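Subject: Structure handover

Hello,

Here is the structure I promised to pass on. Please open it first, then read the notes below.

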Amino acid sequence: MSIALVDSHCHLDRLDLEKLGGDLDSVLAGAAEQGITHMLCVCIDMDNVAAVKALAHRYSTIYASVGVHPTAKDGHEPTVEELLALADDPRVVAIGETGLDYFYAKGELEWQRDRFRRHIRVARQCGKPLIIHTRDAKADTLRIMEEEGAAEPGGVMHCFTEDWPMAERALELNFYISFSGIVTFRTADALREVARRVPLERMLVETDSPYLAPVPHRGKTNQPAYVRHVAEFIAELRGESLETIADITSGNFFRLFKGAVR
């Protein structure tokens, strides 16, 4: 039986194409061979927003987001109005990735919290869901989500690596939980427990490529085709078929990102 999977979070503009067949068309063909039908190319700073949007306009299988990653400190800091203008595009289906990262960013971090609040306000105004990155910042992430009304647009906790209590609270706040290749890593026992407990109807799968390639490709450049390994791993973990995981997570993607069309 053929499957249809979605890579709900990747950075196609950041791929080292020399390592992946030489051009993006070969990467997309390889993904299609593995049953990946669509992917969301996620923006991380204002320098690459044009490239991300251009990919989404060039390929019908690619959608885009607009936003600034929490660790991007030196580039242009967009206003709410600038982000709203960038999001006013049918190929842009999400705001982010945004959030908080206290692992890589140190010192006084109010600028990071201000940026996160700004992105939530943009999502509320344009009605497009949020893509949230959080690392070593559970309490502040949830507090700001609650204070700014992030439940209204909803969204996804991408590349989730936190514990079940945080996942449970995010679910209550109208968010999906997305699992990357990290769930396949030998040291990820706690994360696997979260993957067993998240309701299937609130789960997404992703690569975060070119980063975090899953087993059996760990250490190599990640690519959308490898989201199949993540889905296969979760299927085995939960005692489900790959077809079931693919069907449900793909349906979840189109339900969350309403601007995306199968």
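A residue counts as buried under 20% relative accessible area, exposed over 50% and partly exposed in between (1.4 Å probe, protein chains only). This is a predicted model: local features need pLDDT of at least 70, side-chain atom pairs count only at pLDDT 80 or more, and totals for chains, interfaces and linings use all residues. Residues are numbered from 1 along each chain as its sequence is written, and side-chain values use heavy atoms, with hydrogens and water left out.

Aromatic rings

The whole structure holds 3 aromatic pairs. Rings of Phe, Tyr and Trp (its six-membered ring) pair if their centres lie within 6.5 Å; planes under 30 degrees apart are stacked, over 60 edge-to-face, the rest tilted.

Phenylalanine 103 and tyrosine 104 make an edge-to-face pair, 4.8 Å centre to centre with 85° between the planes. Tyrosine 104 is exposed, at 59% relative accessible area. Phenylalanine 103 is partly exposed, at 34%.

Phenylalanine 253 and phenylalanine 257 form a tilted pair: 4.9 Å centre to centre, 50° between the planes. Both are buried. Phe253, Phe254 and Phe257 make up one aromatic cluster.

Charges over rings

A charge sits over a ring if NZ of Lys or CZ of Arg is within 6 Å of the ring centre and within 35 degrees of the ring normal. Lysine 106 lies over the face of phenylalanine 103, 5.9 Å from the ring centre. Arginine 91 lies over the face of tyrosine 63, at 4.2 Å from the ring centre.

Best wishes
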